[in-house]
Amino acid sequence: MTENDRPLRADAARNRARVLRVAYETFAEEGAGVPIDEIARRAGVGAGTIYRHFPTKEALFQAIVADRLRQVVERARDQAATDPGEGLYAFLFHLAEQGATDLGLTETFAGSGFDLATSLPEAEREFTTLMADMLTRGQRAGTVRPDVDVDDVKTLIVGLQAMRRFRGEQAERLYPLIRAGLTPR
């Protein structure tokens with residue numbers, strides 16, 4: 001049994017969980033540019049504790065992004081199953097709202113300093129496949145224009161998140177305009 005195969009001691013598991021929680025909160029609030037030392041300080045551990053679990057800051061950010069994408073994909077699946085015609089809109093506007101509180105996720109979708117396709121190719125593929133499925137369902141239901149593609153949806157996500165961060169709650173009044181632009185005439 002190698003060191004990596006052994007289960008974590010209880011205190012090490014608690015430290016890891018605390019580091020992930022604090023890192024998520026910190027990256028959400030301030031983005032990926034926060035130094036490891038600051039995350040360690042906020043978590044009440046030494047930087048060495050973080051490096052034992054995550055060899056680089058990128059590895060820590062990657063772990064958080066992977067978890068956030070898993071949550072996003074689960075929610076999107078639920079929305080698509082509930083109402084295939086409306087699922088894409090609910091998904092887009094939910095991600096816009098996430099952009100208001102999660103700068104790390106916003107930077108990930110925008111490709112700012114973190115290439116999702118390179119760092120987490122399986123998560124990127126799952127996310128893209130899910131978006132394509134939601135888009136196709138919306139198009140079949142007649143709620144989304146047939147000329148919209150997955151790249152358009154990805155661009156909309158980045159734009160919606162930026163709009164929500166910039167305009168705050170006022171951005172919500174623009175959602176019907178965005179929906180109207182995506183709806184077949």
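Ala 96 sits in helix 5, which spans residues 84-101, and makes a handy way into this predicted model. With a relative accessibility of 0%, Ala 96 counts as buried. Once residues up to four places away in sequence are set aside, Ala 96 touches Leu 160, Gln 161, Arg 164 and Tyr 175. Met 163 is worth a mention here too: its C-alpha lies 7.9 Å from that of Ala 96, although 67 residues separate the two in sequence.

Tyr 175 leads on to the packing of helix 9 (residues 150-167) with helix 10 (residues 175-182), whose axes are 12 Å apart at an angle of about 165°. Angles over 145 degrees count as roughly antiparallel, so that is how helix 9 runs relative to helix 10. Their crossing is right-handed. On the helix 9 side the contact is made by Leu 156, Leu 160, Met 163 and Arg 164, and on the helix 10 side by Tyr 175, Ile 178 and Leu 182. By class, this contact of helix 9 with helix 10 has six nonpolar residues, no polar ones and one charged.

Now for the aromatics. Five aromatic pairs come out of a search of the whole structure. In the pair of Phe 93 and Tyr 175, the ring centres are 4.4 Å apart and the planes are at 10°, so the pair is stacked. This pair links distant parts of the chain, with Phe 93 in helix 5 and Tyr 175 in helix 10, 82 residues apart. Phe 93 is buried at a relative accessible area of 16%, and Tyr 175 also counts as buried, at 9%. Another pair, Phe 109 with Phe 127, is tilted, with 5.1 Å from centre to centre and 35° between the planes. It too links distant parts of the chain: Phe 109 is in helix 6 (residues 103-110) and Phe 127 in helix 8 (residues 121-141), 18 residues apart. Phe 109 and Phe 127 are both buried. Back at Tyr 175, ring pairs tie Tyr 89, Phe 93 and Tyr 175 into a cluster.

Helix 5 and helix 8 pack with their axes 6 Å apart, at an angle of about 135°. The two helices are therefore oblique to each other, and helix 5 passes helix 8 in a left-handed crossing. From helix 5, Pro 84, Gly 85, Gly 87, Leu 88, Phe 91 and Leu 95 meet Phe 127, Met 131, Met 134, Leu 135, Arg 137, Gly 138 and Ala 141 of helix 8. Sorted by class, the contact of helix 5 with helix 8 comprises nine nonpolar, three polar and one charged residues. Phe 127 is part of this contact as well as of the tilted ring pair with Phe 109.

Zooming out, the protein chain has 10 helices and zero strands. Its C-alpha atoms fill a box of roughly 60 × 40 × 25 Å along the principal axes. Of the 185 residues in the chain, 41% count as buried. Among contacts with a separation of 6 or more, 67% come from residues 24 or more positions apart.

How values were computed
Residues numbered from 1 in each chain as written. Predicted model: local features only at pLDDT ≥ 70, side-chain atom pairs only at ≥ 80, totals over all residues. Heavy atoms only, no water. Axes fitted to C-alpha atoms, helices over the stretch in contact; angles between N-to-C directions. Helix = DSSP H or I, 4+ residues; strand = E, 2+ residues; numbered from the N terminus. Parallel < 35°, antiparallel > 145°, perpendicular 65-115°, else oblique. Left-handed = near helix turned anticlockwise from the far one by under 90°. Contact = heavy atoms within 4.5 Å. Nonpolar A, V, L, I, M, F, W, Y, C, P; charged D, E, K, R; others polar. Buried < 20%, exposed > 50% of the residue type's maximum accessible area, 1.4 Å probe, protein only. Phe/Tyr/Trp six-rings, centres within 6.5 Å; stacked < 30°, edge-to-face > 60°.
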